Amino acid sequence: MAYITTNPYTNEVVARFPDLEDAQVEVLLAQAVDTFEKWSRTSFAERRAIMKKAASLLREQADHYASLLTLEMGKLAREAQGEVKLSADILDYYADNAERFLAPVPLKEAENKHMRPMIVSDPIGVLLAVEPWNFPYYQLARVAGPQLMAGNTVMVKHSSIVPQCAAAFDKLFHDAGAPAGAYTNLFATRDQLNHLIEDPRIAAVCLTGGERSGGHVAARAGKSLKKTTLELGGADAFIVLDDADLDKTVKWAVWGRLNNGGQCCVASKRFIVAESIADEFIAKFKAALDKLVAGDPRDPATTLPPMSSQSAADELNEQVRQAVANGARPHYCGAETPKKGAFVRATILTDVARDNPAYFQEFFGPVAMVFRVGSDEEAIALANDSEFGLGGSVFTRDEKRGVEVARQVRTGMVFINHPTWTAPELPFGGIKKSGYGRELSGLGIDEFVNKKLINVVDIDAP
């Protein structure tokens with residue numbers, strides 16, 4: 001049984017869920033295909049009513065949904081509530097805007113007395129989504145919201161450590177009135193997933209996860225000439241220019257690094273600080289991290305939750321050990337963490353040289369690397385010296401200067417005076433080894449529709 005709920009605060013196994021049999025996967029796929037033929041012909045009003053109901057149920061039962069997030073991956077209770085709300089907001093956003101996003105677009109520049117061309121947006125079929133554990137509902141909402149509203153049907157292979165969250169989101173759409181097969185959770189094996197990716201009845205594949213998984217899925221889908229989108233890892237730069245408001249910047253540095261326990265693709269991970277203020281920044285940053293309280297994620301007093309699993313904690317601790325062995329200087333923050341549970345002590349790494357493997361790594365947890373630079377140009381060069389390109393941020397009192405720096409950072413998203421974050425109306429995605437394609441906003445719904453030309457031509461045209 002690959003799908004297991006293990007409470008990372010106690011490392012106790014809570015529940016196990018059996019993998020699907022091959023025959024069950026076939027039945028569910030056939031159902032999704034059959035439902036697509038009907039669902040794709042429903043009106044936006046019919047889809048909207050179901051999506052609105054799903055959003056309403058999320059809000060009405062927020063405590064239930066949030067408790068599963070805390071149980072299965074250790075998310076702080078208040079952050080779990082925030083994720084539930086954000087997921088509902090995404091469903092509402094697409095319910096309200098999908099029809100406008102996908103409305104036929106006349107090609108005015110090509111019109112003449114003989115023809116009237118337009119672009120229409122048609123659903124393409126069954127979409128297979130492969131999703132991670134760090135935001136168990138948000139990741140699903142940003143696929144289900146746009147793609148169900150577009151008229152596609154969605155099958156999801158979720159992370160094996162959040163099976164109850166996966167099942168809850170499946171039930172959500174059932175309770176909202178969606179037909180069976182519109183949204184389908186799959187407790188699928190790796191072999192079953194591979195077969196699904198290659199199955200001609202699957203129209204496209206999207207994945208949020210690690211670089212290795214992304215490459216595997218993209219290669220299999222590519223052999224079948226299927227469209228894919230990938231949102232992979234990040235090593236986001238948090239650039240602090242010499243005129244930044246340091247106290248406010250440090251406050252956002254803590255949030256940017258520690259949100260979701262630091263287990264966020266767009267978390268601030270590489271802090272690139274002007275030399276003239278670097279000592280003060282490090283001192284203030286460490287002082288703030290020293291105040292973290294590790295403990296039960298259900299307790300409002302807890303500010304440092306456990307990692308999602310013991311294996312994730314062990315891997316991060318090993319990364320830190322290797323970074324230090326290769327010359328990095330560790331600044332351990334706060335008190336020792338509890339011995340029981342998947343905890344990692346908050347750590348700042350300085351003196352990380354370019355020949356240290358840590359320089360190019362993503363630290364997925366409460367570990368920050370701090371670098372010193374002598375100019376804006378050095379900050380930009382260091383920010384771009386990465387295989388990743390997901391998000392980033394620039395802190396400065398001069399908005400124009402911040403935008404000039406942001407324009408030169410090669411990444412998918414840059415925020416000024418705020419860590420990279422997400423909202424339904426903001427496109428989300430990266431470049432380089434952080435993947436390709438966009439989710440959310442109008443760009444997200446366009447990823448898996450057929451932009452079809454229809455041209456009405458005068459039969460007597462020359």
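At 33% relative accessibility, Asn 417 counts as partly exposed. That value, like everything else here, comes from a predicted model. Asn 417 sits in the loop between strand E17 (415–416) and strand E18 (431–432). What makes this residue worth a look is its backbone: phi is positive, at about 60 degrees, although Asn 417 is not a glycine. Lys 432 also has a positive phi, about 50 degrees in this case, and it is not a glycine either. Lys 432 is placed in strand E18 itself. With a relative accessible area of 37%, Lys 432 is partly exposed.

Next come the charged side chains. Side chains of opposite charge can pair when their charged atoms come close. A search of the whole structure turns up 35 salt bridges. One of them pairs Glu 99 with Arg 48, and the closest N and O atoms there are 3.0 Å apart. This pair links distant parts of the chain, since Glu 99 belongs to helix H4 (residues 77–101) and Arg 48 to helix H2 (residues 44–60), 51 residues apart. How open are the two partners? Glu 99 has a relative accessible area of 41%, so it falls in the partly exposed class. Arg 48, at 24%, is partly exposed too.

Because Asp 89 lies in helix H4 and Arg 59 in helix H2, the pair ties together parts that are 30 residues apart in sequence. Asp 89 counts as partly exposed at 23% relative accessibility, and Arg 59 is partly exposed with a relative accessible area of 37%.

Elsewhere, a salt bridge brings together a helix and a strand. The side chains of Asp 279 and Arg 372 meet at 2.6 Å, N to O. Asp 279 is in helix H10 and Arg 372 is in strand E14 (residues 367–373), so parts of the chain that are 93 residues apart in sequence get tied together. Asp 279 counts as exposed, with 54% relative accessibility, whereas Arg 372 counts as partly exposed at 38%. Some salt bridges also share partners, and in this way Lys 52, Arg 59, Lys 85, Asp 89, Asp 92 and Asp 96 are joined into one network.

Helix H10 has a helical partner as well. Two packed helices are described by the angle between their axes and the distance between the axes. For helix H9 (residues 246–258) and helix H10 (residues 275–289), the axes come within 10 Å and cross at roughly 55 degrees. That angle makes H9 oblique to H10. As for handedness, H9 passes H10 in a right-handed crossing.

Which residues meet where these two helices touch? On the H9 side they are Leu 246, Asp 247, Thr 249, Val 250, Ala 253, Val 254, Arg 257 and Leu 258. On the H10 side they are Ile 277, Glu 280, Phe 281, Lys 284, Phe 285, Ala 288 and Leu 289. Sorted by type, the residues of this contact come out as ten nonpolar, one polar and four charged.

Methods. Residues numbered from 1 in each chain as written. Predicted model: local features only at pLDDT ≥ 70, side-chain atom pairs only at ≥ 80, totals over all residues. Heavy atoms only, no water. Axes fitted to C-alpha atoms, helices over the stretch in contact; angles between N-to-C directions. Helix = DSSP H or I, 4+ residues; strand = E, 2+ residues; numbered from the N terminus. Parallel < 35°, antiparallel > 145°, perpendicular 65-115°, else oblique. Left-handed = near helix turned anticlockwise from the far one by under 90°. Contact = heavy atoms within 4.5 Å. Nonpolar A, V, L, I, M, F, W, Y, C, P; charged D, E, K, R; others polar. Salt bridge = Lys/Arg side-chain N within 4 Å of Asp/Glu carboxyl O. Buried < 20%, exposed > 50% of the residue type's maximum accessible area, 1.4 Å probe, protein only.
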